[in-house]
There are 2 protein chains.
Amino acid sequence: MSRKISTKPPSGMRDFLPADIARREFVIAKVTEVYSRYGFVPLETPTIENLSTLLGKYGEEGDQLLYRLLHRRDSLARALAADDVSEATLADQGLRYDLTVPLARVTAQYSTLPKFFKRYQIQPVWRADRPGKGRFREFYQCDVDITGTTSLLAEAEVCGAVAEVLQSLGFDNFTIRLNHRALLRAMIRAAGIDVAQEGTALVAVDKLDKIGLEGVVKELEQRGIEAEQAGSLLGLMCCEDLLDPKSELHKLLAKIGCRNLMQWTVSGISAVSDFSEEELETRRNEMLLAYLARLLPQGDEAGQAAVKELTEVIGLLAHTPAGAHVSFSPHLARGLSYYTGAIFEIAVPDFGGSLGGGGRYDNLVGMFGKKDIPAVGFSLGLERILVVMEDRKMFPDLKVGPEVLVCWKGVSQQDVLKVTHALRRSGLRVEAYPEKTRKLGAQLKYADGLGVAFAAIIGPEEVEQGSVTLKHLTSGTQERVALGDAVDEAIARLSS
Amino acid sequence: MSRKISTKPPSGMRDFLPADIARREFVIAKVTEVYSRYGFVPLETPTIENLSTLLGKYGEEGDQLLYRLLHRRDSLARALAADDVSEATLADQGLRYDLTVPLARVTAQYSTLPKFFKRYQIQPVWRADRPGKGRFREFYQCDVDITGTTSLLAEAEVCGAVAEVLQSLGFDNFTIRLNHRALLRAMIRAAGIDVAQEGTALVAVDKLDKIGLEGVVKELEQRGIEAEQAGSLLGLMCCEDLLDPKSELHKLLAKIGCRNLMQWTVSGISAVSDFSEEELETRRNEMLLAYLARLLPQGDEAGQAAVKELTEVIGLLAHTPAGAHVSFSPHLARGLSYYTGAIFEIAVPDFGGSLGGGGRYDNLVGMFGKKDIPAVGFSLGLERILVVMEDRKMFPDLKVGPEVLVCWKGVSQQDVLKVTHALRRSGLRVEAYPEKTRKLGAQLKYADGLGVAFAAIIGPEEVEQGSVTLKHLTSGTQERVALGDAVDEAIARLSS
């Protein structure tokens, strides 16, 4: 046996020690409670899925980040004996990459599920991604989804559930960014960009925060999209900035010589004038949607329908805990390729990434070769929530571990077990010092280090009396009491 | 996209639908509650471990059952470009195979852990084994372990905890089989078998239930162990049967011409005579241990020490919930190669396999190249417990899913959301029928199928009044009440 085995977990993976678990379970309990109250029921799917289930659902990058399981024994021997040995021949199973594709598989598989299947799922997923702050290779997602309906009530339900989870955890200043896949496509069309370049265009716009407006235009030009079109796309996707004639965007479009700029500015003035000053604060989303409806060609039915759908979603969200947090964000893209309608993402001011995201995906279940079943869902990232909550010190004092350590001297191990079990029967979390020591002091010191509130000390006298000496460690006060109900009372007295 | 993707989970893996999860969580909650009361603290380790951590810990068969993760990108390209392409070059990470080796790694890694680390861990493990009843390729283990001490109090604690878990789940007739690795080795020595053949001998004896006494002798002969030695080994390992001169074992040893038979029979009579008739019932374990101490050479210090240790463990267990269930079983072997002291296994009458097992492993942490840390643990198999509990119908009625379905007609979706959230605020689990329908009947029928207790019906009148009509589905009685506190009262009234 090598003497140099690393004892660290692999890169991007973590060990969770008791205090970590207490925080994780605190969050998971809140998530479960809220999701259940919203009528969602739990589902769990296997860690290992067939690659035929996983491949082609997450886009090309997703496929590359999948963990694949090496064939074993005969299958491996056959694969290695073949002329062509490759990733594709060496594995046909992989690790769960998200919770949405497994849900789609489950929805296609079980005919006993309710027509409107409202499920929550809290499980780890694995991605061979570069690790970073709040980004791991094994991480938990907390998903809610509703399958079987295109009703926008479903959008309202998943957004409402997620917002209530965050509120119950103590978050107040979070934003649920909202956009629509069909609207993104309509903006690309309206900017005169070929729909075949949709993916390319969205990847570039997604870098806006990092590389700025001019950076995006440059990047789009490198990908064969003219500055005029790039500018138009930015104008549409960041149309809120167009309302301010002094904005960077305004200047950029003027510099590029964007033909639409004048007309768009006039439309903006007109859109704003439909709302009172107060309404511009309280009804920002509706105003922006109305503005964008004017910027898009009136004949673009898909685009206009998307605007109408988002307006309706926002109207519904007003009656859920998500209402005050929703923000129409026409430049929100979301990477996963399976979305078809509304898309969501949660942002908080002090964390770069999103705390979660989701959207409507009406074609994913149909990919499994059975009938199409529409669906919409929202996924919270447990680790990111934990990172922010730890940074902001949002956790209450979470008790973990034993409350009492049984310390003993001059008695038998059988006596120790008798007392230990008597204390446990009164519901206390009790550990017994396992080894014989010459001095009680060492045991009391160990009790201190362990963080228990009480030491239960037994010696020959206590054994003879059927009693125990309870010592409150922080105050140092102690009482000798009979085993049984007296213990509860003494614990309460000494703790106060 | 292929139209023929299988939607079943891979072989040996399972989807857990809501009712399954309710049963799993019921058991996990009991396990967690008892383990915590025994002073154990939670630990979780990553699904993926380095193969250097896993290999060589579980014996040859274990190594073969490990799931290995295929290298990716550059690492894969390098592996494929090499002259020698094999399982060893294609992977350096694998899936968690048990919870004991990760604990050993964690114990070696973190210097901040308490000296006596009492941890519980409830997580899935993966083995590419042949699936069977209660045997899956992904399954949960519920482990308790205590590191840092050789005190037998630790054996008593883990056995006590596991016994209390089973009792709290409603099990009464289970047996905790107890044996000792050093005792097994002493019996092999005493039978005149080369210690190098220990593994071989134990594998053969392990098949006793399947192939019978003569089958074991034949199997041992095939492996080069003489019938005389094989008989002696069986005589020692099944010494309880030697006490009955009419037993199959007695006949077999007579047939083989076992030289020890006469002396062993006399020792048996003498051992039994030390105990009263009543004691033979209540102190069977001590009597058998005393008998075995006579059968082993008096000069075999390791063997005699193991007998003494087991006697002590049994004395301690008498003061724990395990006391009434422990049964000294000198033929119990346990497959895993890392055990060094006492070993345990749980058997129930109506299930072939064991519900769990464990033992002392004082050298495993040291394998990670740092100091030796002794340890002892017990592992419960969640799935096997579930299988037996389902067969025996041991589960209470577990409520899962929403309690109320909001049914609506002639009102807006915004009204639906208002009422739905008002009901949720009173703590109810509430689902809203998501789609507009022409008839309420369809929604009520859906509520029935969903298994909710109540339909909350809203129409234009209810909206105007700020009320809701609550219909108790099984009785058909209904009441119209104002939203708010009146709802709780009506729910209580209608449920009674």
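A: A residue counts as buried when its relative accessible area is under 20%. The model is a predicted one.

Take helix H16 of chain A, residues 284-295. Its buried residues include A:Asn285, A:Met287, A:Leu288 and A:Leu289. A:Tyr291, A:Leu292, A:Ala293 and A:Leu295 are buried too. The length of H16(A) can be checked. The helix has 12 residues, and at 1.5 Å a residue they should span 16 Å. The end C-alpha atoms are 17 Å apart, which agrees.

Now chain B. A rotation of 180° with 0.0 Å of shift along its axis superposes chain B on chain A, with an RMSD of 0.1 Å. That is the relation of a two-fold axis. The same surface serves both copies: of the contact residues of chain B, 100% recur in chain A.

In chain B, look at B:Ser267. This residue sits in helix H14, residues 261-273. B:Ser267 counts as buried because its relative accessibility is 12%, and the cut-off is under 20%. Neighbours within four places in sequence aside, B:Ser267 contacts B:Tyr291, B:Arg294 and B:Leu295.

Back in chain A, consider a helix pair. The axes of H9 (residues 198-205) and H10 (residues 208-222) of chain A come within 8 Å and cross at roughly 140°. H9(A) is therefore oblique to H10(A). H9(A) contributes A:Ala201, A:Ala204 and A:Val205 to the contact. H10(A) contributes A:Leu208, A:Val216, A:Glu219 and A:Leu220. By class, this contact has 6 nonpolar residues, no polar ones and 1 charged.

Notes: Residues numbered from 1 in each chain as written. Chains lettered and ligands numbered in written order. Predicted model: local features only at pLDDT ≥ 70, side-chain atom pairs only at ≥ 80, totals over all residues. Heavy atoms only, no water. Axes fitted to C-alpha atoms, helices over the stretch in contact; angles between N-to-C directions. Helix = DSSP H or I, 4+ residues; strand = E, 2+ residues; numbered from the N terminus. Parallel < 35°, antiparallel > 145°, perpendicular 65-115°, else oblique. Contact = heavy atoms within 4.5 Å. Nonpolar A, V, L, I, M, F, W, Y, C, P; charged D, E, K, R; others polar. Least-squares fit on C-alpha atoms with pLDDT ≥ 70 in both. Expected span 1.5 Å × (residues − 1). Buried < 20%, exposed > 50% of the residue type's maximum accessible area, 1.4 Å probe, protein only.
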